[in-house]
Amino acid sequence: MGHGVKLTEIVEKMDLKNLTPKVELAGREVNVPDVNRPALQLVGFFDHFDSNRVQIIGNVEYNYLKTLTEEVKTKVYHELLEYKLPCVIFSKSLQPDEIFLDLAEQHDVPVFNTTNRTSAFTAELTRWLNVKLAPCISIHGVLVDVYGVGVLIMGESGIGKSEAALELIKRGHRLVTDDVVEIRKVSDDTLVGSAPDITRHFIELRGIGIVDVKSMFGVQSVRDTQNIDLVITLEDWDRDKEYDRLGLEEEYTEFLGNKVVCHSIPIRPGRNLAIIVESAAVNHRQKQMGYNAAQELYKRVQENLIKAKR
């Protein structure tokens, strides 16, 4: 994957309390989205130990450690902390003992605690790390949330993607990103789009300049991330090209190995792009809910033909 999540970012995002302030956090990264609860390791079994994962100690492990003598405890801690662990997090505000903290400092392993319960914290951290560590590409386009459908608008520079996005925002929809879309493959059927930090919530309109969508239309007009459900490619109207008028066949485009439904929309003066994008989004939702207008029309035509033959 080649990129990690800074430990300092995890501390900030998860609101962790640092219990080893002498251990330097700068330059440390977490490279895998999974976490580990070191239960077997605490009884001395280190085969197949996932030491590159964030280690989480919950109530069960904590109470087991309390039953050990100081001598055994010291041995167990030594064995665990000798590994290059990214960090150890105690859940439910549990407080590790002095021996643990001293040895962690000696072995240069950061230790934190969180107020959250183990299962809730583990689920949230794993979900967030999965998104942050997912394979990522940047493409040229505009991503908007239209009726809850993530619509990625693509097309040549200057074709009107930003203008379409602005009109959609005016009609109550939400902007995720204009110009550059960062796409992450979170699972085999989910792509998540977001904006690069630097251009977040800005739109560039030729002839006007930079528009700050959030300050102009309010916080309800933007969102930070959105699944990509549908791609709309805007292209110059070509008299000689055959355009799909029924939409019986779905066309797809691919990002990071995931397929997404794609519509090519020819641009011509007088075609209101925002309404076309809205209609495409509603149509997409209807199809997901099991209703396909094109198939419905096809069915009616077939029924009429049968009646006519009678």
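User: Let's start with helix α7. Which residues of α7 are buried?

Analyst: Happy to begin there. Keep in mind that this is a predicted model. A residue is called buried when its relative accessible area is under 20%. In α7 that label goes to K161, S162, A164, A165, L166, L168 and I169. The helix runs over residues 161-170, and with 7 of its 10 residues buried it is mostly covered.

User: What follows α7?

Analyst: Look for G172 after the helix: its phi is positive, near 100°.

User: I also noticed S221. Where is S221 found, and is S221 buried or exposed?

Analyst: S221 sits in the loop between α8 (213-217) and β16 (225-227). S221 counts as buried because its relative accessibility is 4%, and the cut-off for buried is under 20%. Leaving aside residues up to four places away in sequence, S221 touches I169, H173, R174, L175, V213 and K214. One of these contacts, I169, is also among the buried residues of α7.

User: Now the charged side chains. How many salt bridges are there?

Analyst: The general idea comes before the count. Side chains of opposite charge can pair when their charged atoms come close. In this model the count is 17 salt bridges. One of them joins the side chains of R28 and D108, at 2.8 Å from N to O. That pair links distant parts of the chain: R28 is in the loop between β2 (17-18) and β3 (29-30), while D108 is in the loop between α5 (98-106) and β7 (111-113), 80 residues apart. D108 is partly exposed, at 40% relative accessibility.

User: And R127 with E124: how are R127 and E124 separated in helix α6?

Analyst: R127 and E124 are 3 residues apart in helix α6 (residues 118-133), so about one helical turn separates them. Their side chains meet in a salt bridge at 3.0 Å, N to O. As for accessibility, R127 is partly exposed at 46%, and E124 is partly exposed at 33%.

User: What about E250 and K287, where N to O is 3.7 Å?

Analyst: Those two side chains also form a salt bridge. E250 belongs to the loop between β17 (230-236) and β18 (252-255), and K287 to helix α9 (residues 273-288), so the bridge ties together parts 37 residues apart in sequence. E250 has a relative accessible area of 30%, which makes it partly exposed. Salt bridges can also share partners, and in this way D34, D50 and R53 are joined into one network.

User: How much space lies in the second largest pocket?

Analyst: About 490 Å³. This pocket has 16 lining residues, and the closest to its centre are W128, V131, K132, R200 and T225. Two or more lining residues come from each of α1 (7-14), α6, β12 (180-187) and β13 (190-194). Helix α6 gives the most, with 4 residues. By class, the pocket lining has 9 charged, 5 nonpolar and 2 polar residues.

User: Last topic: cysteines. How many disulfides does the count come to?

Analyst: A disulfide is a covalent bond between the sulfur atoms of two cysteines. For the count, the two sulfur atoms must lie within 2.5 Å of each other. Here the count is 0 disulfides.

Key:
Residues numbered from 1 in each chain as written. Predicted model: local features only at pLDDT ≥ 70, side-chain atom pairs only at ≥ 80, totals over all residues. Heavy atoms only, no water. Salt bridge = Lys/Arg side-chain N within 4 Å of Asp/Glu carboxyl O. Buried < 20%, exposed > 50% of the residue type's maximum accessible area, 1.4 Å probe, protein only. Contact = heavy atoms within 4.5 Å. 1 Å grid on protein atoms, 1.4 Å probe; cavity = no way out; pocket = protein on both sides within 12 Å on 5 of 7 lines; lining within 4 Å. Points joined across faces, edges and corners; volume = space filled by probe spheres on them. Nonpolar A, V, L, I, M, F, W, Y, C, P; charged D, E, K, R; others polar.
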